[in-house]
Structures are given as C-alpha cells and as structure tokens.
Amino acid sequence: MRVWKFADNIDTDAIIPGRYLIHNDPAVLALHAFEGTRDEFSKNVRGGDVIVAGRNFGCGSSREHAPLALTGAGVRVIIARTFARIFYRNAVNVGILPLVCDRADDIPDGADITIDIEKGYVEAEGTRYPVEPVPGFMQDIITAGGLVDYARELEEVKTCTGSQV
Amino acid sequence: MGATVVEKIFSSRCGRAISAGEVVMAPIDAAMIHDITGPLAIRNFYRMEGTRVYDPRKIIMLFDHQVPADSIAAAENQAFMRTFAAEQGIHNYDIREGICHQVVMEKGLAAPGEIIVGADSHTCMYGAAGAFATGIGSTDMGFVLKFGALYFRVPESIRVEVTGRFAWRVGPKDLILSIARDIGADGATYQALEFGGETIANMEMDGRMTCCNMAIEMGAKAGIVPADRVTYAYFEGHRPVKPVDIYPDPDAIYREHRVYDVADLGPQVAMPHNVDLAVPVEEVAGTPIDQVFIGSCTNGRFGDLAEAAEVLSDNRFSDAVRVIIIPASRDEYLKALRAGLIERFVTAGALVEAPCCGPCMGGAFGLLGPGEVSLSTSNRNFKGRQGSTEARVYLCSPATAAASAIYGEITDPRET
Ligand code: SF4
C-alpha cells in the first residue's frame, strides 16, 4: 500500500472537477480523480493505496462524488492533519476511513504504509505515527460498512435523542 | 448558562436544553436537492430500502447547475429526478426558478428557528433567515429523505460583531472576504459563525445572504444572523412565519469573539487559488482579465446587479473581456428586467443568461481555458473551479467586477 502525498487545502474540485459530476459511477469518477492537478494518480493508483494530506483535506463542495471517486480508485483510508467537515462525513458514509494524524506532514510520499487501527498508529518506513480514534458515533457507521448499510438496519429513528447514531 | 443562537435552535426544536458538543438526531424541517447531488441522494434513499420519503412537502427539488441540460448525461439525471418527484408527490421547481439557495430563500422555505439541510455546501446561506442550515452529502441526504432526521454534532459558535458604515462602493462581499482572510480556509471548521452588531442589523437580506453563504469557505457548518425586523419584513409576502425568540443570551459561550469595523474597509479581491487569499484591490489592480462573471448564489441578486449597473453607468464593457451576467433567480431576473438593467448590460456588451449557476462551478458553460484569468462575484476560486486547472480565478464584489469589466483589468471601483 503506497502513500499518495498531498498538500494543505485539497478541495473537492481538485479531487473531482465539476464537469464530471454528471457521472455517478465510482469507477468512472475514478478515471478523472485529481485530473489536471495530479494526473498520474488515476493512472497509477492501486487498490488499497492510502492518501496522506495536510490540513483541511476535502474542503469546498458537498459533492459526494469526491470520496466516491476515491473509493472507485480503491482508496479505503485517508490520513490527514485535519479534514473539512462535509468531506469527513461523506467519506465515512461511503466507507472510507478518515484518520486524523498530527504528524501526517512527516509521512513521505510514495512510502509503503501499514495501518493498525486497534493500536492507534500507522507505520511508514519504520516510523510509527499516532492517529486519533474515530469518534464513537461514527464508529458504528464504519462498522456497519457505511451509512447505507447502517440505515438499512434501522426501522425508525428517534429524534432528539443524544448520540443515537 | 447562556446559549448561542444555534444552541437555542436545537433546544427549541427538541424541547430540551442542548449545548454545543452534543450529538443529536435532529428533526429536519426542510431538505433541498438539486440536479448534481440529487440523483445520488435518491439512489442512496433506495439503497437504504426507502420507499416513501418522510414528507414530500418538506423536500425542495430544483435544477440549477447544468440547465438547460448541457449533455445527455445531465438530461438523464434530470429525467430521473423528475420521475422520483412525480412518484413521491414532491413539488419540483425544475429549471424554472434559478439557483437553489436563492429559490429556497425567496420562496420562504427556510424560516427562523428551523433546521434545514441541503445537498450543497452553500446551504449555510439560509442562516440569513435565522435558520440553522448546513450542507450535507448525498448519503446523508438519502438518510434524511427516508427518516426526516439527521445526526449532528451541535457546533460551537464564533461571534462576529460588525460595526461601522460601509464606505462608498464597499459592501458585504468585501466584508466577508476580509473575514475569510482573517479566519482562514479552515479556521471555523465544525463551528458556526454567528453574525451580529449594528452593521448586520442595518444590512438588508441580500448582504446577509452573501455573508452567510460564504461561512463554508472558512469551513463553518453554518453562518447565522439572528432573526430580527429585517428578517421578518423579508418573509412578508413570502410565507407567514411566527416570530421565535432565538436571540443569543448575553452570557452565551463562544469559542471566539471577532470584532470588525467596516468604516475603513476598502474593496477586497481574493487571489487564486483560495478564498482566504483576499487583498485590498489596490494590490492587484491592473491585472489583465479575460472573463468577468457577475452572478451566483453569493452575488446574483437584484441588489448586486443594481450595484454593477451603477458602476457601469453609461460606459461599455471592454472588448477584451467576456462579460457574463446571470441573475440568481427568475424573480431577481424580472426585477432587473423591469428596472432596465438587463438592457443596459446587453447594450454595454455583456452576455446575460437565464438564472442558473453558470460558470460558477465550471460544470456547464463559460469555462476558462489554460492561462486565462477570470474575475468573479461567486464564492470559490479553487484551481480548476471554472474550467482549466491552469486558469486563474479572482473573487470580488459586483462593484469591483463591473469596474474591472469596463477597463479589462482589475480596477478599484472607487476610481471609476
Ligand atoms: S451558484 Fe455556484 S456556489 Fe452557488 S449553488 Fe451554484 S455552483 Fe454552487
């Protein structure tokens, strides 16, 4: 699993340009991921590769096409110093694990990376980088395999209850 | 303990005290979907084994991003949504009304004290109506369509207090660009921006919408102006709404207080490729431009068009610039038409299009080629946002856009 390293403030227009939002199929979207800003990504990405970014990854539009394009490319884990709010939710909802890591900037591009969620770290080139645990209420969605599978099991929701999800 | 406006809205909708940091499954008063994010939301609704939406009257559907359909795929997406609307009994505004956020506001579909979601990041604009409104993705929207509820972590708030009178040809867009520069592109992530102070109290709804619209550009979950007489006056003729007490308490707890005095504020321009790169117009004046876009949910209202027309006066737009002007909605278009603005723009050399998002998202028409420079009254200037990733987009107010369109280069509107 190789690391694809990105800078701060990678926006959803960069992840998937607006003109491709007419497509809804992750495999088709994946062909255009980072088009014009990092063309080698869609050509060389392999299933299981990991995106590592700086601050505010996924800022901008609410387009779920962005995390979907990444699932289409086989990405299942994104590590960043911080995530934009809507992207973070969307990623969890479509089954991507977003991991917050203070030291994400130190993880080298192209490195081989392994992830140990239980122990709370990722390891690249012999160095361990601690990652924050996913908040409890999002954990249930991730465990279910995304919000769709989670929602399928729900008969009804009780509004105004705390931490129900 | 005092509460912020956002805490008050969640508390009043749930009938118990709710504070920032709590995660609640909140009831949703209205949900908006459009032609880009709607098809995925509907597919997710079905994948969640949804059969009937929770309440068809609370779902707002319209098409604005790629209208009229500019490709066969876009036409198919819209046809798919029309079928869904018919099957579920949802009123579909289709391509008739204009940009989603403007339509929600002017139809009175977002009211003070309500909790509203939209499958679009600029849904935060309805904070101008005193609602808690936030953008969500399509899977969350599928969940809302089915259950009429969504979990939220109730955000802390940043209080933005604005005083002073705007100088000539300086306005709300310049203010919000300067706030974005100070707070930064992620400085308000997971927070709400609560606007107040005498300048906001005296600001018309148009300007409040411009400010709340851009809350997301600082990462905020919502922007909000507590409903006051301006808000309630706006609703007259749109929708009868009951006044609600959602003023923040004097001892409300904020993550941060920010104070602005607009008296000394000049026109601001955000440089490529981030919204928080705003500088005073003087610093970029003289930059040659290829295209000017006046429109979008941020600045496509009648007030914005009138501001541009006032600066334009009897001049013509430069032949070196393609000027695209798009009223945000049919209502705003009609107002501009009746006031003679459309004729003036067309006479001056602009292309005036029917209400829609246009070049704002780089998905439909008006795209930029490599090396081209655009000056735009919209809200985002990310690399590739309006076409080629080798193009450059600057953001500004309608006044600055109009002045620049006359000279073919970025121009201080106070000097025309
Ligand atoms: S005008 Fe631009 S920002 Fe507003 S809804 Fe349309 S694409 Fe989004």
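Domain bounds come from an automatic or database domain assignment. This is a predicted model, in which local features need pLDDT of at least 70, side-chain atom pairs count only at pLDDT 80 or more, and totals for chains, interfaces and linings use all residues. Residues are numbered from 1 along each chain as its sequence is written, chains are lettered from A and ligands numbered from 1 in the order in which they are written, and side-chain values use heavy atoms, without hydrogens and water.

View 1. At least three residues come from each of domain 1 (5-244 + 251-261) and domain 2 (270-410) of chain B. Among the surrounding residues are His65(B), His101(B), Asp120(B), Cys297(B) and Arg385(B) (near: a heavy atom within 4 Å). The shell comprises five nonpolar, five polar and two charged residues (Ala, Val, Leu, Ile, Met, Phe, Trp, Tyr, Cys and Pro count as nonpolar, Asp, Glu, Lys and Arg as charged, the others, Gly among them, as polar).

**View 2. Three strands of chain A form an open antiparallel sheet, in the order E5-E6-E7.** Strands are DSSP runs (E, at least two residues), numbered from the N terminus, and two strands pair if DSSP finds at least two bridges between them. Strands E5 (113-116) and E7 (127-130) of chain A each have a single partner strand, so one side of each lacks a neighbour in the sheet. E5(A) and E6(A) (residues 121-124) pair over four bridges; Ile115(A) has Val122(A) as its bridge partner.

**View 3. An open sheet of chain A has four strands with parallel pairing, in the order E1-E2-E3-E4.** E1(A) and E2(A) (residues 50-53) pair over three bridges. Trp4(A) stands opposite Ile51(A) in E2(A).
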